[in-house]
Amino acid sequence: MTLKNDQYWMQQAIDIAKQAEIKNEVPVGAIIVKNNQQLCVGENKNISTSDPTAHAEIIAIRQTSLLLKNHRIPETTLYVTLEPCTMCFGAIIHARIQRVVFGAYDHRTGVLGSSINLPSTNIYNHTPEISGGILENECASLLKNFFYNKRKKIT
């Protein structure tokens, strides 16, 4: 069995984000992996569902929990194209995800080191391992182009 690395899985998350963009959603994709195997994926759906909690990470976590029939999904890695927000980090902690790997930094709402570094506060009973900036340029370009095109249509 060939082990797939962080770049491989992030590329899969990018492909998921592109599917969200086709549906006119903010292009963020997430994938949860365990033992080098994909469990579930999520793409942003908050616009189409009118649900502010329908972030890619939340969708992937919910689907994985249902698949494994457990509200805890330890020994998993979450790959996501954008640094998680406060809500998503809370879900990551409650799910006991072992590792979070993200692509683009989010200097407005990212809580894994950009706008704030919540894991460093040491107030949580579980803190995942964090790796950021994986395929950062590709992930950031998706978002920049999406919002550029949105603004272009408005003017």
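Me: What makes a residue count as exposed?
Reply: A residue counts as exposed when its relative accessible area is over 50%, and as buried when that area is under 20%; between the two it is partly exposed. This is a predicted model. In it, Ile 22 has a relative accessibility of 66%, so this residue counts as exposed. Ile 22 belongs to helix 1, which covers residues 6-22.

Me: How many residues along the chain, and what C-alpha separation, lie between Ile 22 and Ile 116?
Reply: Ile 22 and Ile 116 are 94 residues apart along the chain, and their C-alpha atoms are separated by 31 Å.

Me: What describes two packed helices?
Reply: Two quantities are used: the angle between the axes and the distance between the axes. Here, the axes of helix 3 and helix 4 (residues 86-95) cross at roughly 20 degrees and come within 9 Å. Angles under 35 degrees count as roughly parallel, and helix 3 and helix 4 are therefore roughly parallel to each other. Their crossing is left-handed.

Me: Which residues make the contact between them?
Reply: Helix 3 contributes Glu 57, Ile 58 and Ile 61, while helix 4 contributes Met 87, Cys 88, Ala 91, Ile 92 and Ala 95. Seven of the residues in this contact are nonpolar, one is charged and none is polar.

Me: Which residues of helix 4 are buried, and what covers them?
Reply: The buried residues in helix 4 are Cys 88, Phe 89, Ala 91, Ile 92, Ile 93 and Ala 95. Their cover includes helix 3, strand 3 (77-82) and strand 4.

Me: Where does Arg 96 lie, and what is its phi?
Reply: Arg 96 is in the loop between helix 4 and strand 4, just after helix 4. Its phi is near 65 degrees, a positive value in a residue other than glycine. Arg 96 has 21% relative accessibility, so this residue counts as partly exposed.

Me: What is phi for Ser 50, and where does this residue lie?
Reply: Ser 50 has a phi near 50 degrees, again a positive value in a residue other than glycine. Ser 50 is found in the loop between helix 2 (46-49) and helix 3. With 66% relative accessibility, Ser 50 counts as exposed.

Me: Are Asp 6 and Arg 99 buried or exposed?
Reply: Asp 6 is buried, because its relative accessible area is 17%. Arg 99 also counts as buried, because its relative accessibility is 16%.

Me: Which residue forms a salt bridge with Glu 129, and what parts of the chain does the pair link?
Reply: Glu 129 pairs with Arg 99, with 3.3 Å between the closest N and O atoms. This pair links distant parts of the chain: Glu 129 is in strand 5 (residues 129-131) and Arg 99 in strand 4, 30 residues apart. Glu 129 has 45% relative accessibility and so counts as partly exposed.

Me: Which residues are linked in a network of salt bridges?
Reply: The network links Asp 6, Arg 99 and Glu 129.

Me: Which residue meets Glu 43 in a salt bridge, and where are the two?
Reply: The side chain of Glu 43 meets that of Lys 23, at 2.9 Å from N to O. Glu 43 lies in strand 2 (residues 37-43) and Lys 23 in the loop between helix 1 and strand 1 (29-34), 20 residues apart. Glu 43 has a relative accessible area of 10%, so Glu 43 is buried.

Notes. Residues numbered from 1 in each chain as written. Predicted model: local features only at pLDDT ≥ 70, side-chain atom pairs only at ≥ 80, totals over all residues. Heavy atoms only, no water. Helix = DSSP H or I, 4+ residues; strand = E, 2+ residues; numbered from the N terminus. Buried < 20%, exposed > 50% of the residue type's maximum accessible area, 1.4 Å probe, protein only. Axes fitted to C-alpha atoms, helices over the stretch in contact; angles between N-to-C directions. Parallel < 35°, antiparallel > 145°, perpendicular 65-115°, else oblique. Left-handed = near helix turned anticlockwise from the far one by under 90°. Contact = heavy atoms within 4.5 Å. Nonpolar A, V, L, I, M, F, W, Y, C, P; charged D, E, K, R; others polar. Salt bridge = Lys/Arg side-chain N within 4 Å of Asp/Glu carboxyl O.
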